Amino acid sequence: MKLGFIGTGNMASAIIDGIIKHGMIPASEIIGSALSEAGRERARQQFGIHVTASNTEVAERADILILSVKPQFYADVIQEIKGHVTNRQIVITIAPGKTLSWLREQFGKDVKIIRTMPNTPAMAGAGMTAMCPGEHLQEEEISYAISLLESFGRVEIVPERLMDAVTAVSGSSPAYVFLFIEAMADAAVSGGMPRPQAYRFAAQAVLGSAKLVLDTGKHPGELKDMVCSPAGTTIEAVRALEERGFRSAVFEAMKVCEEKSRNM
């Protein structure tokens, strides 16, 4: 099974790394294209994959083709490669806002398309990917695609109507979490903690808290209450966050993100 990437940036690198580390597809069976020679050389040295400057070469050689360029370049890339893509190949997209119907219209023919939305924690093997298979795919093809995506994190199939919400809740949300970690670390530094140590404490607290939600299945509010002792330090901190509109700010940030995704 030959795997091809058009674009070898951060997200493509995370996917390639997971697939190779889990032994899904060997580096010798992966080919990637990038506009810059530096990008191609980085991918070749880091992963040992084949690289090329030609998008059409990747399209011709790949059994599974992953379009890992920025959304604004999708139309041009599809226009370039559509004559080289057949109905035997599987095309996986990772761009927000690019619907299955839009993708079918761009290709102008029946193509096996899987729309996905991964996120950057895939770079640490802890990604969350939403997957929306299009028509024309067989069950075994969908299952194989899931196994590929699981090599760098969790995967769930969602209806396409939820993909914009997915962009807000997992695709873009690592940026919100990084802001939160940075703010907590800054406060710890103001309390005298060395900055590298502050980042470790803040990041591990977020990591452990997320793991508790996933492992216990408890409602986040219940877990929050477990930390908030009567007349204690934590409930005072929660009060200050609520007073300053913490939850409302997160809610509104996600809604504008969702709307932006819908209109891309």
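Trainee: In this predicted model, which residues of α4 meet which residues of α5?

Mentor: On the α4 side they are Tyr74, Ala75 and Ile78, and their partners in α5 are Trp102, Leu103, Gln106 and Phe107. To count as a contact, heavy atoms must lie within 4.5 Å. By class, this contact has six nonpolar residues, one polar and no charged.

Trainee: What makes α7 roughly parallel to α8?

Mentor: The axes of α7 (residues 163-171) and α8 (residues 173-190) cross at roughly 25° and come within 5 Å. An angle under 35 degrees counts as roughly parallel, so α7 is roughly parallel to α8. Thr167, Ala168, Val169, Ser170 and Gly171 of α7 make the contact with Ser173, Pro174 and Tyr176 of α8. These residues divide into four nonpolar, four polar and no charged. Gly is counted among the polar residues, which means that Gly171 of this contact falls in that class.

Trainee: Why is α8 called oblique to α9?

Mentor: α8 and α9 (residues 195-216) pack at an angle of about 135°, with their axes 8 Å apart. Roughly antiparallel requires an angle over 145, and roughly perpendicular ends at 115; α8 is therefore oblique to α9. The crossing of α8 and α9 is right-handed.

Trainee: Which residues of α8 and α9 meet, and how do they divide by class?

Mentor: Among those of α8 are Val177, Phe180, Ile181 and Met184, while α9 contributes residues including Arg195, Ala198, Tyr199 and Val206. Twelve residues of this contact are nonpolar, none is polar and three are charged. Glu182 and Asp186 of α8 and Arg195 of α9 belong to the contact, and Asp, Glu and Arg count as charged.

Trainee: What lines the second largest pocket, and which residues lie nearest its centre?

Mentor: The second largest pocket, with a volume of about 950 Å³, is lined by 32 residues. Gly9, Ser68, Val69, Lys70 and Pro71 lie nearest its centre. Two or more lining residues come from each of α1 (10-21), α4 (74-81) and α7. The largest share, three residues, is that of α1.

Trainee: How many residues of that lining are nonpolar, polar and charged?

Mentor: The lining of the second largest pocket holds 15 nonpolar, 15 polar and two charged residues.

Definitions and conventions:
Residues are numbered from 1 along each chain as its sequence is written. This is a predicted model: local features need pLDDT of at least 70, side-chain atom pairs count only at pLDDT 80 or more; totals for chains, interfaces and linings use all residues. Side-chain values use heavy atoms; hydrogens and water are left out. Axes are lines fitted to C-alpha atoms, for helices over the stretch in contact, and angles run from 0 to 180 degrees between N-to-C directions. Helices (H or I, at least four residues) and strands (E, at least two) are DSSP runs, numbered from the N terminus. Angles under 35 degrees count as roughly parallel, over 145 as roughly antiparallel, 65 to 115 as roughly perpendicular and the rest as oblique. On a 1 Å grid over the protein atoms alone, a cavity is a set of points where a 1.4 Å probe fits but cannot get out, and a pocket is an open set with protein on both sides within 12 Å along at least five of seven lines; lining residues have an atom within 4 Å of a point. Grid points are joined across faces, edges and corners, and a volume is the space filled by probe spheres set on the points. A crossing is left-handed if the near helix is turned anticlockwise from the far one by less than a right angle, and right-handed if clockwise.
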